[in-house]
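Here's a quick walk through how the parts of one protein sit against each other. Have a look at the model first.

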Amino acid sequence: MAPTSLHNCPAPAKLNLFLHVVGRRPDGYHLLQSVFQLIDRSDTLHFDLRSDERIVRTTDVPGVPEEQDLIVRALRALQAEYQRRHGRLPPGIDVAVEKCLPMGGGLGGGSSDAATALMAANHLWQAGLTDAELIALGLPLGADIPFFLFGATAFAEGVGEALQAVPGPDCWYVVIEPGVSVPTVAIFTATDLTRNTKAITISDFSRRHVESNDLIGFGENDLQDVAARLFPPVAEAIEWLGGYGAARMTGSGSCVFCAFSTEHEAEQVLKHVPARWRAWKAKALQRHPMKIALANPFVVE
Ligand SMILES: C[C@@](CO)(OP(=O)(O)O)[C@H](O)COP(=O)(O)OP(=O)(O)OC[C@H]1O[C@@H](n2ccc(N)nc2=O)[C@H](O)[C@@H]1O
Ligand SMILES: Nc1ncnc2c1ncn2[C@@H]1O[C@H](COP(=O)(O)OP(=O)(O)O)[C@@H](O)[C@H]1O
């Protein structure tokens, strides 16, 4: 029997270990190449089936009206797909969200929340959609959603929807939140954005990543210079963290990270982070924790 609630569901953050802009689609969207890495810093979501058919967010998310919340939009998209397949709506869901991940941080929090919601509702409704079908539902809502549904370290192409598994690093990260929210659109519309990095193949990536011989590995974040120019705290955080290793921005910013071999090394760096920034350590995850939980009936419910 399917459960009627799923509580304490993790929606982990991602880091873009590198992010290249390799071209543009005819509709103006930028073609990217990136490696996405899950980390163990998460929002937490709670789901309860309702006796009617409404999707209701029961917690306030400052700055995100309920109707615009990617969680609510993802659940409604899956509800409509269920109706198309079964000729009736499944029960509604109350969803509560505890935000931990900063918005506009490049950690993919909103997309991860939506992906966790799709996985949870697919289970609660016994809707039976495959990962590929959930990815097709999620992609129009946000380009990072397919990665979270994929659920493991991935080499991503297109706008982020063409995903192939790559071995994930076994390391710890120090992540600094520079205290600014970067709107993705502001970075992609900048005239000085580099849009012509040479595309590589996944085997180029694997070889050059090993050759690069440092933990952060191959590549650059092509969005970083624009974000650092428009948002000076991003530049300051990169410069400060760069004193301890190769520091890089994730996604379109604002967060900045550096990789370390051990938790202890990450803790030592954290002790010195200037008080004006929130900073934390996180471990690289090999697999999405929600996928692990849903594959094990004794963990969920
Ligand atoms: C850059 C990345 C990398 O992981 O992540 P974040 O930093 O947001 O986490 C993503 O590709 C973010 O994709 P997504 O989350 O869909 O971006 P949105 O905020 O919806 O995009 C806002 C606007 O940026 C432009 N945009 C976005 C993605 C892309 N590949 N090309 C674009 O040109 C479009 O004009 C779009 O309307
Ligand atoms: N559940 C949600 N959590 C966070 N942001 C959301 C959510 N739903 C919609 N959004 C919108 O998505 C934007 C990007 O947020 P987020 O995904 O956390 O950052 P980023 O895209 O930089 O990784 C927010 O500014 C907000 O307007």
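Domain bounds here come from an automatic or database domain assignment. For this protein, that assignment gives domain 1 (5-166) and domain 2 (172-283). The C-alpha centres of the two domains lie 23 Å apart.

A bit of housekeeping: this is a predicted model, where local features need pLDDT of at least 70, side-chain atom pairs count only at pLDDT 80 or more, and totals for chains, interfaces and linings use all residues. Residues are numbered from 1 along each chain as its sequence is written, and chains are lettered from A and ligands numbered from 1 in the order in which they are written.

Residues are in contact if their C-beta atoms, placed from the backbone, lie within 7 Å. On that basis, domain 1 puts 25 residues into the contact and domain 2 puts in 34 residues. On the domain 1 side, strand 1 (5-24) and strand 2 (30-49) each supply at least two residues; strand 1 gives the most, with 10 residues. Strands are DSSP runs of E (at least two residues) and helices are runs of H or I (at least four), numbered from the N terminus.

Now for a helix pair, with axes fitted to C-alpha atoms over the stretch in contact and angles running from 0 to 180 degrees between N-to-C directions. Helix 2 and helix 3 pack at about 135°, axes 11 Å apart.

| Helix | Residues | Contact residues |
|---|---|---|
| Helix 2 | 109-124 | Ala114, Ala115, Leu118, Asn122 |
| Helix 3 | 131-138 | Leu134, Leu137, Gly138 |

Methods
Contact = placed C-beta atoms within 7 Å.
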